[in-house]
Amino acid sequence: MLKLLRGLVVMVAGLIAWSAQASVEIEGVQLDDTATVGGTRLVLNGAGVRKRGYFKTDVTALYLPEKSTSPDAVYHPHGPMRIVLYLLRDIPTSLASRFFVSDFKQVATDAEFRQLINEVGRTGALYGNLNRIAKGDVVVMDYVPGKGMTINFNGKPLTDTPWRNDLYVEVYLRMFVGNTVPDDFRKGLLGLTALPRAATP
């Protein structure tokens, strides 16, 4: 019995060490290798650092049911997905709202933007109505086919009901992997660049 217990201790210690070695760390932010959305286990597809001018604003992580380098797997997901933003600096809420509208307009066609102007206005207001956005805050966006997309800010829902407009969700997701997105950020989320691993303690 004693030998069995010792064996289990060694095995558990080995698993813990492997887990610590395998975890991803970017800008001091440790990312989970997996996530669960709508009862489906997702894997970390990729991650990147978004910049505004010279400043790094957040670390963004993308989770999909299986890894893919295709933007289409993000625009038209066949299963649940998750995007997580880890804020790296304080951002005025009014500026965050303007960032969103500007980014959305950049990836939408003129016709799409006109068609979705009400949704854009409501979403911009969500960020503008927050008391503050600070370093360390976390935004989680979950999408489940047939149910829509929800947004949580530090564990609290920002949306009363899920977004169910498929076109709006598609254009929204272009802000992360669309052709006009900075190449290093886009490639990071699509898993086209190697992710840095956290050092073994």
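**View 1. Phe 153 and its opposite residue in β9.** In this predicted model, Phe 153 stands opposite Lys 156 of strand β9. Strand β8, residues 148-153, pairs with β9 in the antiparallel sense, over two bridges.

**View 2. The open sheet of seven strands.** The strand order is β3-β4-β5-β6-β7-β8-β9, and the pairing is antiparallel. At the edges stand β3 (34-37) and β9 (156-157); each has a single partner strand, so one side of each is left without a neighbour in the sheet. Strands of a sheet pair through backbone hydrogen bonds, in either the parallel or the antiparallel sense.

**View 3. The salt bridge between Lys 56 and Glu 27.** The closest N and O atoms of Lys 56 and Glu 27 are 2.8 Å apart. Lys 56 is partly exposed, its relative accessible area being 36%. Glu 27 is also partly exposed, with a value of 43%.

**View 4. The salt bridge between Arg 174 and Glu 112.** Here the closest N and O atoms are 2.8 Å apart. The pair links distant parts of the chain: Arg 174 lies in helix α6 (residues 166-177) and Glu 112 in helix α4 (residues 110-115), 62 residues apart. Arg 174 has a relative accessible area of 13%, which means that this residue counts as buried, the cut-off being under 20%. Glu 112 is buried as well, with a relative accessible area of 14%.

**View 5. The salt bridge between Asp 183 and Lys 187.** The two side chains meet with an N to O distance of 3.2 Å. Both residues lie in helix α7 (residues 183-189), where Asp 183 and Lys 187 are four residues apart, about one turn of the helix. Asp 183 is partly exposed, with a relative accessible area of 44%. Lys 187 is partly exposed too, with a relative accessible area of 33%.

**View 6. The network of Glu 112, Glu 170 and Arg 174.** Salt bridges with shared partners join Glu 112, Glu 170 and Arg 174 into one network. A search of the whole structure finds six salt bridges, among them the one between Arg 174 and Glu 112.

Definitions and conventions: Residues are numbered from 1 along each chain as its sequence is written. This is a predicted model: local features need pLDDT of at least 70, side-chain atom pairs count only at pLDDT 80 or more; totals for chains, interfaces and linings use all residues. Side-chain values use heavy atoms; hydrogens and water are left out. A salt bridge is a side-chain nitrogen of Lys or Arg within 4 Å of a carboxyl oxygen of Asp or Glu. Buried means under 20% relative accessible area, exposed over 50%, partly exposed in between (1.4 Å probe, protein chains only). Two strands pair if DSSP finds at least two bridges between them.
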